[in-house]
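Biologist: I have not looked at this structure before. Could you take me through it?

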Amino acid sequence: MFDEQSQPEIDALIKANPEFKQLYQHHKKLDKKVMDAELGVLPIDDTTLAQMKREKLAAKDRLTRMYDAQPQ
């Protein structure tokens, strides 16, 4: 998700910010479910899949804003 950021910075933010940690874990769960649904492993209807994708994107946007707002 954070391809351009270093993993140690992400790990530090996860440790320091419980909200970031919770949202990061939620995004990872959604990412796995979406991938499983697209591969056909998780049977899910198109409406639910679209909602999960929107929720995943919203989580990613919020995580990005939180990351960008941290002091450098």
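The conversation below goes from the overall fold to the cores and then to one helix.

Modeller: Please keep in mind that this is a predicted model.

Biologist: Understood. How many helices and strands are there in the protein?

Modeller: The protein has three helices and zero strands. Along the sequence the pattern reads α-α-α.

Biologist: And what does the C-alpha trace span along its principal axes?

Modeller: The spans are about 40 × 20 × 20 Å.

Biologist: What percentage of the residues is buried?

Modeller: Of the 72 residues in the protein, 25% are buried. The accessible surface is about 5,300 Å², and carbon and sulfur atoms account for 52% of that surface.

Biologist: Which residues make up the largest nonpolar core?

Modeller: That core has 11 residues, namely F2, I10, L13, I14, F20, L23, Y24, A59, L63, M66 and Y67. The elements that each contribute two or more residues to the core are α1 (7–16), α2 (18–39) and α3 (46–69). The largest share, four residues, is given by α3.

Biologist: What else is there apart from that core?

Modeller: Another core, of five residues, lies apart from it; its members include L30, A37, L49 and M52. As background, nonpolar side chains in soluble globular proteins tend to be buried together.

Biologist: Let us turn to α2. Which residues are buried there?

Modeller: The buried residues of α2 are F20, L23, Y24, H27, L30, V34, D36 and A37. Their cover includes α1 and α3.

Biologist: A change of topic: how many positive and negative side chains does the protein have?

Modeller: There are 12 positive and 13 negative side chains, and the centres of the two sets are 5 Å apart.

Biologist: Lastly, among contacts between residues at least 6 apart in sequence, what percentage joins residues at least 24 apart?

Modeller: For the protein that figure is 56%.

Conventions
Residues are numbered from 1 along each chain as its sequence is written. This is a predicted model: local features need pLDDT of at least 70, side-chain atom pairs count only at pLDDT 80 or more; totals for chains, interfaces and linings use all residues. Side-chain values use heavy atoms; hydrogens and water are left out. Buried means under 20% relative accessible area, exposed over 50%, partly exposed in between (1.4 Å probe, protein chains only). Contact means heavy atoms within 4.5 Å. Accessible areas come from the Shrake-Rupley method with a 1.4 Å probe; for residues, only the protein chains shown count as cover. Lys and Arg count as positive and Asp and Glu as negative; His and the chain ends are not counted. The place of a charge is taken as NZ of Lys, CZ of Arg, CG of Asp or CD of Glu. A nonpolar core is a set of buried Ala, Val, Leu, Ile, Met, Phe, Trp, Tyr and Cys residues joined through side-chain atoms within 4.5 Å.
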